Amino acid sequence: MNKYFILIVFLTFQLQTVAQESQTLKGRVQDAETGEPVPFASMGLKNNITSTVSNLQGVFEFHLPEKSLSDTLIISSIGFQNLSIAISEVNQQIQTVFKLKKSNTILDDVIITDSLSGEEIMNLTIDRISLNYPSFPISMSAFYREAQAADNAYVSLVEAAITIYDENNIKKGKSPLRTKIKVDQLRKSLGYKHPYNSFWEQDNLLMHLYSMNPVPNRLKRFKNYKVVNKQTINSDNESLYVITLQTDEPWPTTLFVQSKSYAILKIEQNYNHKIDGVKTWLLNSDTLDVTVNFKNKKSVVEFKEYQGNYYLNRISLDTNMDYTYKEEVLVNFRIVQDVIVNDIEIDNPIVVKRDEAMRLGRSLKNSNQKYDERFWENYNILQETPIEKKLVKDLEKEISLREQFKQTKQ
């Protein structure tokens, strides 16, 4: 038999095997009762820590690791029962609708555990830090998106595939800003200049976003804050404590705490100046000292459980502010940031060296890296929403975003 024929057959078989092993699930997550989308639901695997999240409309694309056909897809969201379905049963040719049922079951042990005060729950949560969160080095593969708008028109977009290396030395109480983050892949728009964006081009907004996660290193400070509200809800037929704290920051903090493990599953902070007053920064522009008045600022930090420990799953921050001078609004500025963790390496974490790590004073907008189009075709990202459709329309005034990505300086 011709050796070249044998080679072609072998290669064809190999390509078919890869095609069978490489899978992408496309879906939309809905409330089974109302049909409303379930935003930011988590998609994960039963036997693998790889995951992604849905967007505001509940839409997702999940690029699965090889050999996961025999695994089980698990979809979860606080307030709903988890949905488990064998991947082999999901039609990969169409967008599948996944319906989550609300957790309305009242558990017997709620009556017992709900006798704890909010302060007692916080003390237990803090005392169990070393049991619930990893105290060993890990690395995380994550997707980052940063969009900036001026006067309701988007002016820039940055997306990156990043590696986060964290030593997780809880005893040291290390600041999250010292966690090392490396940019593996980058794509960005060309950006539109306006008179007031120089400050944001000098600062690394990704590192500031990551530093907003207080778990586990800065969780102990919550012990000093006043509990202003406590209630119990159900999620996947388990009770969760919802604790609202009044902190020394100008925004209330709400914690979703699992009643059995006392691990924090979610942290929400929402600041609105109409309620809490005005927080100001002095920003030196070329000619003016501009005051930054925060109109609203909302952040979400979520965690996921794997093999008895809880790991970061998502961080989101939406900041809306007015730049003013002598009480006159010069421009409204908005920054929307998202980090979703796709994979976590526990046994052999990827160590980010100091010379590879990002710097606090260097913005990703000013970073340059070769754009790899094929990489992005199979990478788990936060899917588009109507907000992103407006973003695309605003940024594609001259050329398409795809062409802008290609024009990134090498």
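Predicted model: local features only at pLDDT ≥ 70, side-chain atom pairs only at ≥ 80, totals over all residues.
**View 1. Salt bridge between arginine 402 and glutamate 373**. The two side chains meet with an N to O distance of 2.6 Å. The pair links distant parts of the chain, with arginine 402 in helix α10 (residues 401-406) and glutamate 373 in helix α8 (residues 373-377), 29 residues apart. Glutamate 373 is partly exposed, because its relative accessibility is 24%.

**View 2. Salt bridge between arginine 334 and aspartate 318**. N and O lie 2.6 Å apart where these side chains meet. Arginine 334 belongs to strand β18 (residues 328-345) and aspartate 318 to strand β17 (residues 309-325); the pair, 16 residues apart, links distant parts of the chain. Arginine 334 counts as partly exposed at 23% relative accessibility. Aspartate 318 is also listed at 23% and counts as partly exposed.

**View 3. Salt bridge between lysine 182 and aspartate 184**. The closest N and O atoms of this pair are 3.7 Å apart, which falls within the 4 Å cut-off for a salt bridge. Aspartate 184 has 28% relative accessibility, so this residue counts as partly exposed.

**View 4. Network of salt bridges**. Four residues are linked here: Lys266, Glu268, Glu302 and Arg314. Side chains of opposite charge can pair when their charged atoms come close. Across the whole structure, a search finds 12 salt bridges.

Note on methods: Residues numbered from 1 in each chain as written. Heavy atoms only, no water. Buried < 20%, exposed > 50% of the residue type's maximum accessible area, 1.4 Å probe, protein only. Helix = DSSP H or I, 4+ residues; strand = E, 2+ residues; numbered from the N terminus.
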